[in-house]
Amino acid sequence: MRRRPTCLLLLSGLVAASGCGLQSGSPMVDAVKPGSVGHGKPLAGAHLTVTSKSFTEQLILGAMMGIAFQAAGADVLDRTGIQGSIGAREAVRTGDVDAMYEYTGTAWITYQGNSEPIPDPRKQWQAVHDADLRNGLTWLPPSRLNNTYALAMNQANFKKYGTRTLSDVAALARKNPGAVTLCVESEFANRADGLPGMEKAYGMSVPAKNVTQMDTGIIYTQVEKGSCTYGEVFTTDGRIKSMNLAVMADDKKFFPNYNVAPVINTKALKKWPAIAEVLDPITKKLDNGVARSLNAKVDVDGEDPHQVALEWMKAEGFVK
């Protein structure tokens, strides 16, 4: 998700070190016309490149952005699917790419080096926005989509242990350390806003031998099977509902808000200010319900992320 294993990139043009990051990309060629966005083709003549990280939600959001730009008249190059939390951002920051959807919590904690989240989502967005201006990045207004971390378990383990909150999980870990086994991504296992911070905030101590690191998709299947008591999940993931997983409440509100918002290279935005008006109606429509539904179409039903984005954009009347 927004927090995939990080690849530190040394970008040179469009080539990245160690196999991480930008590929050559390909033009988006959706035959779309303006609907409620793009009237008057305000981006006619623009050549814009969009990117995203490599997980489902990001691929869908990147496609939405590119489709909107096309409807507004731009030629769009698709470089979605960069692995890691840093690669896509660096591409936008350096100007190799013009725009992406990003998460406020990731920027606040991972990129800007803060350790304490700002509980109010709008204030956190404002703080991220203000700090990133010096980096040549402009954050447009955020959505209600808040894709934050959670721990979840299958129904059998839920009935067995009865935990409902992360405080309950911490209490179980103290009472019965062997009962708490975790399946997590490698990035979550090491980030300040992930497992180390969660353990500190909740007074939880999980032995290293009880923590297994794996890719996101495998976590869900392992938790569903009960191979791990708890798995790191994301609150907008459609598999939570399809697998009937029980999500632990973050009762101490440790995890940051991860509201999604467009991030634009400031030079590109100054050249094409209509980017903001094109994206704003789409961003306003995004919330956790929309995300769970669209993510499930990909992760559960096996549909193509770009096609899912296109069908949603048409159903909402954004494009024709």
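Two strands are taken to pair if DSSP finds at least two bridges between them, and helices (H or I, at least four residues) and strands (E, at least two) are DSSP runs numbered from the N terminus. The structure is a predicted model, in which local features need pLDDT of at least 70 and side-chain atom pairs count only at pLDDT 80 or more, while totals for chains, interfaces and linings use all residues. Residues are numbered from 1 along each chain as its sequence is written, and side-chain values use heavy atoms, with hydrogens and water left out.

Strand S6 (residues 149-153) pairs with S10 in the antiparallel sense over two bridges, and Met153 has Ala246 as its bridge partner in S10. Both strands belong to an open sheet of five strands with mixed pairing, ordered S8-S7-S9-S6-S10. Strands S8 (211-213) and S10 (246-247) stand at the edges with a single partner strand each, so that one side of each is left without a neighbour in the sheet.

Two packed helices are described by the angle between their axes and the distance between the axes. For helix H1 (residues 56-71) and helix H13 (residues 288-299), the axes come within 9 Å and cross at roughly 110°; axes are lines fitted to C-alpha atoms, for helices over the stretch in contact, and angles run from 0 to 180 degrees between N-to-C directions. H1 and H13 are therefore roughly perpendicular to each other, a class that covers angles of 65 to 115 degrees. The contact (heavy atoms within 4.5 Å) is made by Thr56, Glu57, Ile60 and Met64 of H1 together with Ala291, Leu294, Asn295, Val298 and Asp299 of H13. By class, this contact has five nonpolar, two polar and two charged residues.

A search of the whole structure, on a 1 Å grid for points where a 1.4 Å probe fits but cannot get out, finds one cavity of 30 Å³ or more. The largest cavity has a volume of about 50 Å³, and its lining residues (an atom within 4 Å of a point) include Glu57, Ile60, Met64, Ala291, Leu294 and Asn295. H1 and H13 are the elements that give two or more residues to this lining, which divides into eight nonpolar, one polar and one charged residue.

The largest pocket, an open set of points with protein on both sides within 12 Å along at least five of seven lines, has a volume of about 500 Å³. Of the 25 residues that line the largest pocket, Pro117, Lys253, Phe254, Phe255 and Pro256 lie nearest its centre. S6 and helix H8 (195-202) each supply at least two residues of this lining, with H8 giving the most, three residues.

Terms used: Angles under 35 degrees count as roughly parallel, over 145 as roughly antiparallel, 65 to 115 as roughly perpendicular and the rest as oblique. Ala, Val, Leu, Ile, Met, Phe, Trp, Tyr, Cys and Pro count as nonpolar, Asp, Glu, Lys and Arg as charged, and the others, Gly among them, as polar. Grid points are joined across faces, edges and corners, and a volume is the space filled by probe spheres set on the points.
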